[in-house]
Each structure stands twice: as C-alpha cells, then as structure tokens.
Amino acid sequence: MAATDDYKFLPIRDAITSINQKVNLIGVILEFGFPKRTRGTDCCCTLKIIDESHQKAGFSVNIFAEYLEMLPHVASGGDIIQLCHVMVKKHIGEVNAVFNKKFSSFALYKGKDAADFAPYQVSSNFRRRDMDDRFIGNLRKWLVDLQLHEESSSFSLLREIKEGEHINLACKIVHFSEAAKDEWMALVWDGTDTPPNSFSAKPEDEMAYPLPLQLENSPLPRDILCTFPKVGTVLRIYFDQGFQKNKLFMLNIGKWIKFVNVICEVRGGLWCGLFTPFTKIRYTPDEDCLILERQRLYDERISLKWGRMPLWSFPSPYYNTEVNYDHVPFVSLMDVLTHSEVTAKFKCVVRVIAAIPWKAEEFLSPLGIYRMRLTLEDPTARIHAFVFAEDGETLFDGYPSVDVLSRKLNRLLGLSVCNDNKMVKDAPRNPPWVQVCLKSYYISKDDVWGSRQYQIFGTKIVGV
DNA sequence: TTGGGG
C-alpha cells in the first residue's frame with residue numbers, strides 16, 4: 001500500500017492482479033451471506049462486490065471480526081461498501097480480498113436510491129474523507145442503469161420446489177415474524193402454488209396427532225393475514241440452527257429478494273424453507289428480469305377465469321364432489337380467512353387431509369345426527385370445517401351403509417383401497433382436489449371474530 | 001488462523 005495521502009480506490013479488475021497487496025476497494029454488494037461464527041475464534045461473513053470494471057460474477061470479500069456486531073450488517077443487496085486496507089489473496093485459482101480485523105476498515109452506504117452520503121455502519125477504525133462522497137456518487141450513478149443478467153433457469157418457482165433440495169428463490173417478502181421463542185421466519189410469495197404433498201399420517205392418527213393448521217405455534221393474527229396475497233402460497237422460511245438470526249427482512253417487507261441456496265422441507269405435509277449458514281442474498285432491483293417475469297406470470301394467472309383455483313387441481317374438482325352453489329366464483333382459503341364479514345358463504349377447491357371421527361360407525365352422534373370435523377387445505381391455508389346434521393345428509397347422500405360411508409370418506413382422504421375395501425397398508429395417501437361450499441359463522445355474540453368457525457354445506461360426494 | 005460452497 002502506498003502512503004496514506006495517496007488515497008485511491010482500485011477498480012476491481014486491477015485489484016484482482018494485486019495478489020498479496022493491501023488495497024482500497026469500493027463496490028456495490030451483489031451478494032452477501034449471513035454473519036456466522038468460524039471454526040476458529042472469530043466471526044465472518046462473505047460478500048461479493050461489483051463495479052464498472054468487474055460487473056459479471058462479483059469479487060469475493062471475506063470479512064473477519066472478533067464479534068458478530070463488528071461485521072458489516074448489510075441492509076440490502078445493492079448497497080455500497082468501502083473497504084480500506086484489505087489484502088488480495090489467491091486461493092485455489094480464485095482471487096479474493098480478505099478483511100483483516102487488525103488493519104482493515106469498512107463503511108456501508110445505501111445504494112442507488114439514497115441521496116445522502118452518510119454511512120449506515122462503519123468499522124471502529126474507519127476514517128471518513130471528503131473525497132468519499134464523490135466515489136459513492138459515481139457508483140450510484142453507474143448503478144441506476146446497470147442491467148443484471150440473471151440466469152432465470154437457476155431460480156425455482158414455488159410450484160417447482162422439491163423436498164430436500166437446495167434451491168434459489170426469487171420471491172416477495174410478505175411478512176417477517178417470530179414463529180416460536182427466538183425462532184424467526186420470513187414469509188415469502190412468488191404468485192405460484194407449492195405442489196400438494198401426500199401424507200403418511202394414518203386417518204386414525206388425527207385424534208392424537210392432528211395435522212397442524214400452520215407451522216407456527218399460534219396462528220398469525222387476522223390483520224396480518226389480511227396483508228397477504230389471496231392467491232399463491234406464502235412459504236415460511238426458517239433459520240436453521242447455529243448462526244445469527246437475521247432480522248434484516250423486517251426492513252424488506254413488500255420487497256422482492258433473490259435467495260441463493262435455501263433448503264426445502266415438508267413438515268406436517270406443509271412446505272417450508274430453511275436458511276442455512278450457506279444461504280446468500282442477492283441484489284434484486286425492482287426492475288430485475290426475474291421479478292418482472294414472476295409478476296407477469298401472476299398477472300396472467302389472476303386474469304384467467306380459473307386463476308384463483310389451485311394450479312394443481314385441474315380437472316379433478318369436478319369428479320369428486322358436486323356443489324349446490326354454482327353462481328359464485330371459487331375463492332381461496334386465504335380469501336375465506338381474511339373475509340371482511342364473520343358470517344359469509346364461499347365456494348373453494350380444497351383437499352380433505354384429515355377427519356374426526358374417521359370410523360364410519362362414528363360419523364353419527366348417538367342421536368343419529370352427523371357431526372364431523374374435516375381438515376381442509378389449499379395452497380394458501382388450512383382450516384377446520386365441521387359437517388353437521390343435514391349438511392352431512394347432503395355430503396353422504398342420506399344415511400348409507402357403514403361400508404358406503406367409509407368408502408366415501410376414504411375417497412376424500414385419498415386412501416388407497418383394495419377391491420374388498422380394506423386399506424392398502426402404510427401407503428401414503430394423496431387426497432384428491434374437491435370443490436366444497438363453506439360458510440363461516442360465530443359461536444359467541446360477544447366475540448364474533450374470536451369464535452369464528454367454518455361449516456361445509458351444499459356439497460355431495462359423487463362417483464363412489 | 002478462521003473461510004472460500006453445499
């Protein structure tokens with residue numbers, strides 16, 4: 001490094017050839033990882049930066065610090081980082097910069113939309129210079145017209161996710177909250193529906209181990225759900241164990257973000273994602289081609305007559321049930337949950353994933369009245385819906401034999417049955433899509449929203 | 001020193 005009065009920042013292109021030298025760099029953050037502990041005694045995070053001389057892949061910077069708080073906490077991809085006295089190193093053919101906690105320093109600035117030149121985080125030994133404003137201003141100007149060329153095929157839609165896979169997602173943050181004590185989750189959406197899962201849970205398990213209505217301990221309040229999109233899955237992404245729970249998504253509600261390397265899992269038949277220490281967040285401008293593509297797909301979807309029905313349901317809903325409510329359009333369970341009135345009627349396309357009771361002998365109360373609780377699912381939500389009295393008569397077409405009743409419920413639950421109506425042992429069940437009429441109502445006048453329940457009506461199982 | 005990716 002030259003004397004400190006020779007204050008200059010190297011273009012990344014030139015830094016790459018300055019192996020084993022200390023350099024000053026200023027760049028736009030293209031990608032960043034979560035701050036984490038190293039296997040040694042320190043903490044570290046990695047960034048990839050770009051500038052006009054090096055726009056494509058991003059130049060890796062590894063930053064070390066004694067404490068997590070001392071690492072740069074990047075608010076958003078596209079922010080600017082100034083790095084002083086970082087060492088350029090070559091590692092297995094790759095060149096990158098290493099931030100040394102003793103002699104390196106950094107400052108973080110907002111990206112292209114900011115007007116001021118005040119850094120939002122600096123390392124303790126960072127020294128600001130008057131010239132910095134000009135460097136940052138120039139970088140912001142360049143960034144305005146920058147076109148990122150993202151490979152669209154390397155980012156999955158939620159409709160394409162597969163269990164156990166590491167995937168990249170380009171999605172909108174719709175909410176961020178604590179799922180359980182110190183367990184944070186980001187709720188994301190891309191306008192498509194996650195694929196339906198099959199269930200290994202046996203029908204008789206529902207009493208002791210009911211399938212959850214949601215993965216978080218308590219359901220999200222209705223006023224939060226009201227901010228969610230009504231069509232398309234809202235996926236929960238949790239932080240895997242062993243690294244800092246990052247609250248930065250709080251700042252980004254309503255924004256689209258690209259995540260690199262998220263793990264997909266199924267819990268209780270519900271899809272979720274996991275952020276791992278290897279997950280990266282990539283710069284996602286509003287006009288990013290991937291984002292425009294997803295927005296266009298969604299606009300196309302909801303402009304279609306059947307766009308609010310589950311993507312995966314065609315043409316099954318018409319074969320399994322008939323509904324006596326033809327004049328209304330289908331709505332999603334999220335529409336149902338967030339409807340403005342407690343008392344209302346709906347028509348939905350759902351899967352019946354569980355039932356209590358599950359034995360046909362018990363569908364009727366001792367007084368001979370139907371009373372059951374079904375668990376319904378669509379790509380947006382799960383609810384419990386009751387079947388009472390005459391609605392049961394409609395659903396099961398009167399009071400057929402136990403054998404017929406049992407066949408009808410098995411059909412709804414997607415149980416594979418042999419010719420003699422015995423269940424195929426341990427086969428996963430894959431409930432079919434069915435159309436149902438639902439009404440919502442309240443139990444207690446004093447707490448109409450708190451006591452809201454759902455009931456199936458005007459729906460008949462057919463083809464059994 | 002550490003990590004660099006999965």
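**Aromatic pairs and a loop glutamate**

The structure holds 15 aromatic pairs. This is a predicted model, in which local features need pLDDT of at least 70 and side-chain atom pairs count only at pLDDT 80 or more, while totals for chains, interfaces and linings use all residues. Side-chain values use heavy atoms, without hydrogens and water, and residues are numbered from 1 along each chain as its sequence is written.

Me: Is the pair of W189 and W256 stacked, edge-to-face or tilted?
Reply: Rings of Phe, Tyr and Trp (its six-membered ring) pair if their centres lie within 6.5 Å; planes under 30 degrees apart count as stacked, over 60 as edge-to-face and the rest as tilted. The centres of W189 and W256 are 6.1 Å apart and their planes are at 55°, so the pair is tilted.

Me: How many residues apart in sequence are the parts that W189 and W256 tie together?
Reply: Strands here are DSSP runs (E, at least two residues), numbered from the N terminus. W189 lies in strand β10 (residues 183-189) and W256 in strand β12 (residues 256-267), so the parts tied together are apart in sequence by 67 residues.

Me: Is W256 buried or exposed?
Reply: Buried means under 20% relative accessible area, exposed over 50%, and partly exposed in between (1.4 Å probe, protein chains only). W256 has a relative accessible area of 9%, so W256 is buried.

Me: Is the pair of Y370 and Y399 stacked or tilted?
Reply: Y370 is in the loop between β15 and β16 (371-377), and Y399 is in the loop between α7 (389-396) and α8 (402-413), 29 residues apart. Their ring centres are 5.2 Å apart and their planes are at 15°, so the pair is stacked.

Me: Which ring does the charged end of R351 sit over?
Reply: A charge sits over a ring if NZ of Lys or CZ of Arg is within 6 Å of the ring centre and within 35 degrees of the ring normal. The charged end of K347 sits over F330, 4.6 Å from the ring centre. For R351 the distance to the ring centre is 5.7 Å, and the ring is that of W433.

Me: Which residues is E341 in contact with, leaving aside its neighbours within four places in sequence?
Reply: E341 is found in the loop between α6 (333-337) and β15 (344-356), and its relative accessible area of 47% makes E341 partly exposed. Contact means heavy atoms within 4.5 Å. With those neighbours left aside, the contacts of E341 are S440 and W449.

Key: Chains are lettered from A and ligands numbered from 1 in the order in which they are written. Helices (H or I, at least four residues) and strands (E, at least two) are DSSP runs, numbered from the N terminus.
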